[in-house]
Amino acid sequence: MSNHHTYKKIEVVGSSKTSIEEAIHNALAECSKTVKNMDWFEVVETRGHIVDGAVGHFQVTLKIGFRIGDS
């Protein structure tokens, strides 16, 4: 193992009919299926989908940072 870490960031959008927090959890759960070594996330945008004058879905854009390999 090296004495430094190298990271990469990806951007994803999670959604939920229930809450912003669940949208975050949904995005992280899906990413964890294929992205290894995830270390942090940043919420960069929140928005929603409106249906008949009410919230249809909460949408949250995340940047997810993950460590590259064994760095």
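This is a predicted model: local features need pLDDT of at least 70, side-chain atom pairs count only at pLDDT 80 or more; totals for chains, interfaces and linings use all residues.
The mean positions of the 8 positive and 9 negative charges of the protein are 6 Å apart, where Lys and Arg count as positive and Asp and Glu as negative, with His and the chain ends not counted, and where each charge is placed at NZ of Lys, CZ of Arg, CG of Asp or CD of Glu. Residues are numbered from 1 along each chain as its sequence is written, and side-chain values use heavy atoms, leaving out hydrogens and water.

Turning to the fold, the protein follows the pattern β-α-β-β along the sequence, with helices (H or I, at least four residues) and strands (E, at least two) taken as DSSP runs numbered from the N terminus. The radius of gyration, taken over C-alpha atoms, is 15 Å, well over the 11 Å that the globule rule (2.2 Å times the number of residues to the power 0.38) gives for 71 residues, so the protein is more spread out than a compact globule. Along its principal axes, the C-alpha trace spans about 55 × 20 × 15 Å.

Leaving aside residues up to four places away in sequence, S16 touches E22, A23, N26, H57 and F58, a contact meaning heavy atoms within 4.5 Å.
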